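Hi,

Here is the structure I said I would pass on.

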Amino acid sequence: MTLLIFRPEQKCAISATRFIAAGLPAIAVGLIDTQACEAALATLPSILSTLNADDSIIVTSTVATQLLALRHIRLPQQVNTYAVGASTAQGLIEQGYQVIVPSAPTTEGLLALNELKQLTGKKVVIIKGQGGRQDLAQQLTLRGAAISLADIYQRIKIATPKATQQWQAEQIRCIIATSGEMIESAFEQFDPKWLQSLPWIVVSPRTEQIAAKFGINTILLSDDASDQALIRRAKEFLEH
């Protein structure tokens, strides 16, 4: 039996390879692609240049870390740099940054950090994709921060999903989805009754809620969206 992984297209091949290397037959399907937002990338260096030592940068995804590297945009070393999740943190660490990571890889996890409790008179730059939740910016604004949103990429739904190899519905034992958007896209592309009949592994309480909203009955929670955490959770599920 095979695992079906719904991930952004650019991550599919490496995720499938890692699962297979861990002894888990897996097929990854790209439902969403990402596209750089050139205007936001062009203005980001000037925004970053205004930050002082007690200001903060929050990077919300691995896509954002990759774009920073590709465009040779350097984050100021003297500010506090936060990452949402282990994979995002690792991408920043590989670029030479010291990174603060919340124990829970979510907006709520970030908001629980003592360092982000009192922000009066401080600037916070949130580097992210277009759309998504506004909770983080809203809550940090309430705590006194002057927020700059750097929406440096946008997500685009793929009209024809691309898989790492051919597959049939009857092969699939479990589905893995790394975001709420991925769940929504899956229900647009595939038979809802089939999707609802399978167990799903998701990556946060929020994606768990979205999965339940779509009528998925068996929902398992991973520690985060990294391949390592997903492989660990998939092994636990398959061993039971």
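Predicted model: local features only at pLDDT ≥ 70, side-chain atom pairs only at ≥ 80, totals over all residues.

Residues are numbered from 1 along each chain as its sequence is written, and side-chain values use heavy atoms, with hydrogens and water left out.

Let's begin with the inside. A nonpolar core here is a set of buried Ala, Val, Leu, Ile, Met, Phe, Trp, Tyr and Cys residues joined through side-chain atoms within 4.5 Å. Buried means under 20% relative accessible area, exposed over 50%, and partly exposed in between (1.4 Å probe, protein chains only). The largest such core has 25 residues, and Leu-44, Ile-57, Leu-75, Ile-127 and Ile-152 have the most contacts inside it. Two or more residues each come from helices H2 (38-48), H3 (62-70) and H4 (86-94), and from strands E3 (56-59), E5 (123-129) and E6 (146-163). Helices (H or I, at least four residues) and strands (E, at least two) are DSSP runs, numbered from the N terminus. There is also a second, separate core of 24 residues, which includes Leu-4, Ala-177, Phe-190 and Ala-211.

Contact means heavy atoms within 4.5 Å. Leaving aside neighbours within four places in sequence, Ile-57 is in contact with a list of residues that includes Leu-48, Leu-51, Leu-75, Val-79, Val-125 and Ile-127.

Next, H4. Its buried residues are Thr-88, Ala-89, Gly-91 and Leu-92. Seen down the axis of H4, they fall within an arc of 160 degrees (taken from the directions from the helix axis to the C-beta atoms), so they line one face of the helix. The cover over the buried residues of H4 includes E3, H3 and E4. After H4 comes Gly-96, with a positive phi near 95 degrees.

Is Ser-185 buried or exposed? Ser-185 is buried, at a relative accessible area of 3%. You'll find Ser-185 in helix H7 (residues 180-189), and it touches Leu-31, Ile-32 and Lys-157, not counting residues up to four places away in sequence.

Now the charged pairs. Side chains of opposite charge can pair when their charged atoms come close. A salt bridge is a side-chain nitrogen of Lys or Arg within 4 Å of a carboxyl oxygen of Asp or Glu, and by this rule the count comes to 9.

One of them joins the side chains of Arg-18 and Asp-227 (2.8 Å, N to O). Arg-18 lies in helix H1 (residues 9-21) and Asp-227 in helix H10 (residues 227-239), so the pair ties together parts 209 residues apart in sequence. Arg-18 is partly exposed at 38%, whereas Asp-227 is buried at 4%.

Another links Arg-71 and Glu-38, with the closest N and O atoms 2.7 Å apart. Arg-71 sits in the loop between H3 and strand E4 (80-83) and Glu-38 in helix H2, so this pair ties together parts 33 residues apart in sequence. Both are partly exposed, Arg-71 at 36% and Glu-38 at 46%.

Glu-236 and Arg-233 also meet in a salt bridge (3.3 Å, N to O). They are 3 residues apart in helix H10, about one helical turn. Finally, salt bridges that share partners join Arg-7, Arg-18 and Asp-227 into one network.

Cheers
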